Amino acid sequence: MLFKLNCWPRKAALWLGILTFAVACTAGTLGHMPTAKSEQPDMTASVISPEVVVVMLHQGEITHARQVPYQPEPQDRLETSGSDTWVIRQGQALGTLVSPDQNILYGFDQYTETPFNADRASQPRSYRIQSQDDPVYQQPATPAEVHRKSKPVDLARTGRNGDLRWAMEHRFYLRLPTALTPGKTYKIELTEQELPPLTFTYQPDRQFSEAVHISAVGFRPDDPLKVGFLSTWMGTGGGLSYPEGLSFQVIDEANQEIVFTGQASRRHRSGDVEDGRDRTYTLADVDQLDFSTLNQSGRYRLCVDTVGCSSTFAVANDAWQQAFRLAARGFYHQRSGVALGHPYTDVVRPRPFHPDDGVTVYQSSTGLMDTGNGLNAQGTDQGNFANLVRGRTNTTVANAWGGYFDAGDWDRRIQHLEVARQLLELLELFPQPMENLALNIPESDNDLPDLLDEVLWGVDFFRRLQTPEGGVRGGIESSEHPRRGETSWQESLPIMAYAPDPWSSYVYAGVAARTARLMSTYAPSQSQSYRDSALAAMDWAEARHESGIKAQEWPRHRIEADRALAALEIYHLTGDRAWHDRFVAAQSAIPAEAINDYRIAIPQREIAFLYSRLPDEQVDADLQAELRAALLAEADAALNTGQTTAFGWTKLLPSTPVGWGDGLGAPKARTLLRAHALTDSDRYLQAALLACQFSAGANPDNMTYTTGLGHKSPQNPLIVDQRITGDLLPGITLYGPIDTGFYGDEWFFGVLESVAVPPARQWPSIETYFDIYFVPNINEFTVMQSMADAAYAWGYLTGRD
């Protein structure tokens with residue numbers, strides 16, 4: 001939640017520049033105006049019920065802009081706009097110059113399409129349906145109704161001003177006059193369109209149907225919950241209501257045998273409230289298809305009588321491990337300060353932000369906690385960069401490299417240590433499975449577990465940013481958003497390190513203490529250096545504690561909470577009771593009314609789980625019982641939310657809006673899994689498994705929100721380097737679908753209002769993933785929010801007994 005509150009202005013400003021020319025493009029049919037003609041559109045037919053056939057068509061192809069050497073001509077004119085330098089030739093913009101030498105040109109996307117009239121295709125008279133072996137359809141028939149659902153799946157910027165083109169995915173739902181007959185073959189023709197006819201055989205026990213949703217991750221044989229879902233929202237036709245109690249089967253892909261049969265149960269009725277915000281996110285009935293007792297390994301498909309089948313899925317001992325490995329390697333792909341390439345990844349990327357390449361980092365006198373990227377929400381009024389840039393000095397910071405890129409751009413912030421904290425927790429909870437995890441990273445040849453090596457990559461960055469006095473700088477940030485078309489290794493903007501501040505030092509001290517504790521098991525000779533570093537950071541912060549929170553309002557309680565967590569981590573490391581006393585004092589300094597503030601809850605959750613697991617002789621029994629009860633109460637609330645949402649996903653807090661760091665792209669299962677760790681209760685494990693299904697592919701889009709995972713995953717995440725080079729970074733979990741009721745006034749819904757059909761604000765929230773790059777609170781992510789959430793959940797389900 002911290003990112004959503006404090007970083008929306010920073011991220012939004014980066015992409016709001018598109019709004020000035022996007023608004024002009026949304027009136028009329030610009031999304032369907034070709035700049036060139038392409039091959040025939042990709043078109044398929046499938047079935048979602050005996051009476052409804054879906055014709056799906058992809059319209060438009062986009063070739064994304066790539067960098068090319070700039071070859072100047074005498075008549076070229078350079079024009080500066082913000083931080084970008086535009087090349088104007090004969091009155092036309094060619095693109096922007098990038099890199100410190102300004103010798104590379106980044107131009108525009110290209111768009112091609114075959115003309116297609118989607119409005120005409122929405123009319124029943126545009127279709128003829130015929131069959132040679134079904135007597136009912138021997139004479140051509142037209143649908144009784146046609147409903148439409150069209151969404152953009154990519155966006156091209158083909159010029160500097162007002163030039164947007166949309167690649168579209170159209171679905172036309174044909175309600176037939178008479179039901180189809182299994183085994184019969186049908187031909188569908190679109191009249192008055194230059195498209196070939198579609199021919200298909202209706203085989204609901206073999207054919208994929210978009211109505212049947214299943215996890216792309218699959219299941220472990222001993223998972224106590226294994227489910228799929230049945231639902232369809234037909235766009236302009238609303239939700240399709242299926243007969244209750246439809247039979248379903250799980251079919252073995254190897255021998256085509258039925259290994260499980262069951263009956264669908266109505267889980268959600270269209271219009272029912274789904275959470276504590278009285279919101280309805282799903283505009284259709286949803287049936288649950290439960291096959292939890294299937295415990296035989298294999299590869300299967302889930303088929304519903306008369307409807308069709310899901311994508312294939314696995315029941316395998318390593319099902320969660322495969323997903324977890326992908327997510328853990330996602331952090332490697334987000335590393336700064338190291339080149340990416342073979343043999344560790346197929347992605348090729350030069351080394352960015354490293355001093356040996358001439359990168360200079362300047363010291364700012366502004367701490368992270370005093371900016372909008374930290375705890376100062378008021379700082380966002382002037383942009384998240386203002387305070388940082390205002391404090392820039394000419395002093396340089398040596399050896400300031402490493403860490404993780406925050407998201408699609410390149411800042412590195414103290415909040416990223418949440419990644420290290422969660423991975424260390426997994427290593428502590430499940431030593432053997434985590435030790436055995438092979439990540440194929442540059443450090444894999446050493447004697448440490450790969451997961452611990454990944455932790456050290458993040459921790460060591462901030463250890464290098466620690467001053468000799470012990471204070472920890474909160475990260476590194478450029479002076480502005482990336483220049484258009486410029487990659488991370490070409491960064492030409494000034495780069496600054498935040499000044500040390502108490503909050504950043506407290507956060508670091510806690511994670512460094514946990515690192516030292518785990519290193520004492522795996523590398524005792526290195527443990528002391530992390531211990532000393534943690535204590536130095538804590539002492540520095542404690543000496544500035546009062547001045548650090550003096551001028552703050554609500555952030556002082558967040559600082560106090562992170563102080564309490566750091567003291568508790570150091571107590572767990574050292575066993576020194578004085579640190580326990582300091583933990584209790586810091587915890588007591590937080591007013592009761594502030595404890596439940598979602599911003600304070602971030603460190604409070606860590607405190608509750610850590611303290612609940614300490615031995616009886618090391619704790620105050622009453623305080624431990626109180627913290628344990630608070631954790632279980634939050635888990636119970638998450639469990640209850642999962643029972644009311646249509647697809648079983650949940651939230652950390654019932655009142656939290658769905659979006660940004662609390663979007664549906666990653667499972668919010670950490671509290672449920674921690675409750676399971678404390679109680680060994682199957683009810684929490686089952687709730688967590690249910691909460692993991694939606695983001696893993698059991699959703700109406702039948703996609704995951706993690707790049708490279710499953711049959712269908714994001715292709716256009718908001719990652720600047722990827723957009724420019726075309727190299728898809730695997731293992732990146734995005735924010736995903738967003739609450740249209742809460743975020744409906746955001747600029748991108750206005751842009752999409754006349755592009756999507758129905759208009760974008762009328763879509764169910766669970767179907768609002770638009771794969772179009774420019775929307776930060778859907779298509780972006782952070783390493784410590786969506787990526788860490790997915791990694792923790794999948795890691796826990798990998799390691800559990």
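**View 1. Pro140 and its contacts.** Pro140 touches Arg128, Ile129 and Gln130, leaving aside neighbours within four places in sequence; contact means heavy atoms within 4.5 Å. The model is predicted: local features need pLDDT of at least 70, side-chain atom pairs count only at pLDDT 80 or more, and totals for chains, interfaces and linings use all residues. Residues are numbered from 1 along each chain as its sequence is written, and side-chain values use heavy atoms, with hydrogens and water left out. Pro140 sits in the loop between strand E10 (127-130) and strand E11 (145-157). Helices (H or I, at least four residues) and strands (E, at least two) are DSSP runs, numbered from the N terminus. Its relative accessible area is 44%, so Pro140 is partly exposed. That class lies between buried (under 20% relative accessible area) and exposed (over 50%), with a 1.4 Å probe and protein chains only.

**View 2. The disulfide of Cys303 and Cys309.** The sulfur atoms of Cys303 and Cys309 are 2.1 Å apart. A disulfide is a pair of cysteine sulfur atoms within 2.5 Å, and by this rule the count is one. The link of Cys303 and Cys309 is right-handed, with 100° about the S-S bond. Cys303 and Cys309 are buried.

**View 3. Phe219 against Phe313.** The structure holds 29 aromatic pairs. Rings of Phe, Tyr and Trp (its six-membered ring) pair if their centres lie within 6.5 Å; planes under 30 degrees apart count as stacked, over 60 as edge-to-face and the rest as tilted. Phe219 and Phe313 pair edge-to-face, at 6.0 Å centre to centre and 90° between the planes. Phe219 lies in the loop between strand E15 (212-213) and strand E16 (227-230), and Phe313 in strand E23 (residues 313-315), so the pair ties together parts 94 residues apart in sequence. Phe219 is buried, at 0% relative accessibility. Phe313 is also buried, at 0%.

**View 4. Trp401, Trp457 and Arg464.** Trp401 and Trp457 form an edge-to-face pair: 5.8 Å centre to centre, 70° between the planes. Trp401 is in the loop between strand E25 (392-396) and strand E26 (412-413), and Trp457 is in helix H8 (residues 450-464), 56 residues apart. Both Trp401 and Trp457 are buried. The charged end of Arg464 sits over the ring of Trp401, 3.9 Å from its centre. The rule: NZ of Lys or CZ of Arg within 6 Å of the ring centre and within 35 degrees of the ring normal.
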